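Dear colleague,

My notes on what was found in it follow directly after.

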Amino acid sequence: MPSSILPRAAACIVAAAALALTPLTAHATAPVATTPTAVSPISGADQYGEVRGSLTTGSRYVLLTPATWNGTLLVWSPGYSGSAGGEAAAGPDAEVISWLLDEGYALAGSKPATAGWSVQDLLAEQPQLAEVAAASLGTPTHVVAWGSSMGGLTSVSLLENNPSVFDAALPLCGSVAGAIPMLNQSLDGAFALRMLLAPGDDRLELVDVQNEPQRQAAFREILDAAQATPQGRARIALAASLAQIPPWTQQGTLEPGRGDTAAQQEQLYRAFMFGVISPREPLETRAGGNFSWNIGVDYSASLRRSGNAQLVRSLYAEAGLEVKSDLGVLASADRISADPSAVAYMQDNATPTGRISGPVLSLHETGDTAPTVAQAETYAERVRHAGAGAQLRQAFVDRPGHCAYSEAELAAVVDALQQRLDTGRWANVATPRALNARADQIAAESGLDRGEGTFAQHRPDAMLRPEREAD
C-alpha cells in the first residue's frame, strides 16, 4: 500500500471505533471526520463491526470490518441520486456486502450531502474516507476504489488523481470515458428527435435546460406519438442509433433476431428516455452552463459507425422515407456550442485520461444504455494511448440493463481483482471462462444469486463522440 495512506483520523474516532471493530493499530493526527454517531455490530452478524459517522463536509460514511481482515479495503462510491443526504452504503447490496465481510474485506462507503452529479464531492471526500478507515484498521495492504454508474467513473478518477491513496479500481457499469462524451452522445439523439419530429417545440430543451420536468414530459409525449406510425418509428431508430443505443436493452426480454427489425426498434424506443433524455439541468447547474456541443458533427458518418445503419435503413424503407433526406435536415439545422468554463468543469469532474498506475478491472453489460457500453472501448483506447494497457482488463456480461449484475458476478470480479493485487499479474483471472467458473463456484458455495447472464468475450465499438475540447 502507498505510504501516504497512514492512519490520520482523530483520536476520538479511533477510540469510538475500537468499541466495535476488531483490535487494530491506530494513530491520530488532524481530524478529517466528526465523532461517529453510531457504533454497533451490523445486523445479524456480531463478529462484524460497523461504524457510521460524518465527514467534515457533512457527507455520511460507513465503515464495516470483518472478524479477520485480509488487508484489503474497498471504498465504495455510489451512483447518481436525485436526493441529497441519507445514510451511506458500503457496497452494491446487502448479500454481496455480507459475502465480502465473510471473505475478510473491510468496506467503507460515503453518501454525499448533495444530490445529483456529485462527482466533485466524492473526488474530494473518498481519500478522506480512506484515511478514516486506516485510522481504525491500521495501514491497509491494498485500497481499492469501486462503485457503480457515476460511482464507476468516480472510481477510475480516484485512482488517476490519488495514486498514493488508491492501488486499484473496480468500476461497475461506469461512465468510464467521462460525462462529456456521454452527454454529447445524448445530445445527438435528442437533437435528431427534435429536428425530425418537432423542430418548433420549445419544450424540447436540448441544452441550457430551465424546466427539467416539462422537458422530460414533452420528450415522452413526442416519442410516444411517433412510435404509433412507421415514419415515427424509423426516426426514433435513427435518433437512438446516433446516441449509440444498442438494439437489445430491456431486461427480461429475449435478444431480437438479426432480421427482426420491429423487435429491435421496440428495444430502441423503450430505452430512449433513460438512455438519451437523461436529466441535464442538475449537471448544467453544477457546471455553471452547457457543456455539450454538436458543432462539426457529421451525422451521416455517425450513422455509418453506429452499428445500426442497416436496421435504420430497413425501417426507413418500410416507412417510405429516405434516410438521406432526414440526414440532410440534421446537416442543415443550427448547431449547438458549449460554454468553455462548463466544459472545463465537467472535464475535471470527471473525464479520465487513462493514465493509471495500478490495475483496473471494469465490468459492463453488453446492452447498457446509460452509459452505453461504447464507453468501455473509448476508455480502453485512452489507457492504451497512455501506455498503461497492461494494467487494464475489461469484463462483459452478455445481458441488457444497467448495473443489473447478479451477486455472484460481482463477487467474482472482486475476487479476480484481489488475485491481481496479490500476485502482481493478471494471468487469466479476468477472462470470461475464469469469471464464469468463479461465479459458478461462489454461487454453489455461498448461495449468492448466479443470475441468468454469462461473462462473454466482447469488443464494443468506441464512442461516436469521443471527448475533446469544444469547437
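W76 and W146 are both buried, where buried means under 20% relative accessible area, exposed over 50%, and partly exposed in between (1.4 Å probe, protein chains only). The model is a predicted one, in which local features need pLDDT of at least 70 and side-chain atom pairs count only at pLDDT 80 or more, while totals for chains, interfaces and linings use all residues. Residues are numbered from 1 along each chain as its sequence is written, and side-chain values use heavy atoms, with hydrogens and water left out.

Aromatic pairs

Two aromatic pairs were found in a search of the whole structure. Rings of Phe, Tyr and Trp (for Trp, its six-membered ring) pair if their centres lie within 6.5 Å; planes under 30 degrees apart count as stacked, over 60 as edge-to-face and the rest as tilted. The rings of W76 and W146 are edge-to-face, because their planes stand at 75 degrees, with the centres 4.7 Å apart. W76 belongs to strand β4 (residues 72-77) and W146 to strand β6 (residues 142-148), so this pair ties together parts that are 70 residues apart in sequence. Helices (H or I, at least four residues) and strands (E, at least two) are DSSP runs, numbered from the N terminus.

The second pair is F191 with Y299: the ring centres are 5.9 Å apart and the planes lie at 20 degrees, so the pair is stacked. F191 is in helix α5 and Y299 in helix α10 (residues 299-305), and the pair links distant parts of the chain, 108 residues apart. F191 is buried at a relative accessible area of 1%, and Y299 is buried at 3%.

Contact here means heavy atoms within 4.5 Å. The axes of α5 and helix α12 (residues 323-332) come within 10 Å and cross at roughly 110 degrees; the two helices are therefore roughly perpendicular to each other. Axes are lines fitted to C-alpha atoms, for helices over the stretch in contact, and angles run from 0 to 180 degrees between N-to-C directions. Angles under 35 degrees count as roughly parallel, over 145 as roughly antiparallel, 65 to 115 as roughly perpendicular and the rest as oblique. By class, the contact of α5 with α12 has six nonpolar, no polar and one charged residues. For these classes, Ala, Val, Leu, Ile, Met, Phe, Trp, Tyr, Cys and Pro count as nonpolar, Asp, Glu, Lys and Arg as charged, and the others, Gly among them, as polar.

α6 and α8 pack with their axes 11 Å apart, at an angle of about 170 degrees, and are therefore roughly antiparallel to each other. On the α6 side the contact is made by Q216, F219, R220, L223 and D224, and on the α8 side by Y269, F272 and M273. Five nonpolar, one polar and two charged residues make up this contact.

Backbone and loops

Most residues other than glycine have a negative phi, and most peptide bonds are trans. The peptide bond from N349 to A350 is cis, with omega near 5 degrees, and A350 is in the loop between α13 (340-348) and β8 (360-367).

Positive phi values occur at D208, near 50 degrees, and at Q244, near 65 degrees. D208 lies in the loop between α5 (179-197) and α6 (212-226) and counts as partly exposed at 44% relative accessibility. Q244 lies in the loop between α7 (230-242) and α8 (261-275) and is buried, with a relative accessible area of 8%. L254 lies in the loop between α7 and α8 and is exposed at 78% relative accessibility.

Whole chain and confidence

The chain has 16 helices and ten strands, and buried residues make up 61% of its 471 residues. The average pLDDT (the predictor's confidence in each residue, from 0 to 100) is 90, and 89% of the residues score at least 70. Residues 2-32 stay under 50 in pLDDT, and the model has 80 contacts for them beyond four places in sequence. Where pLDDT is low, the predicted coordinates should not be read in detail.

With kind regards
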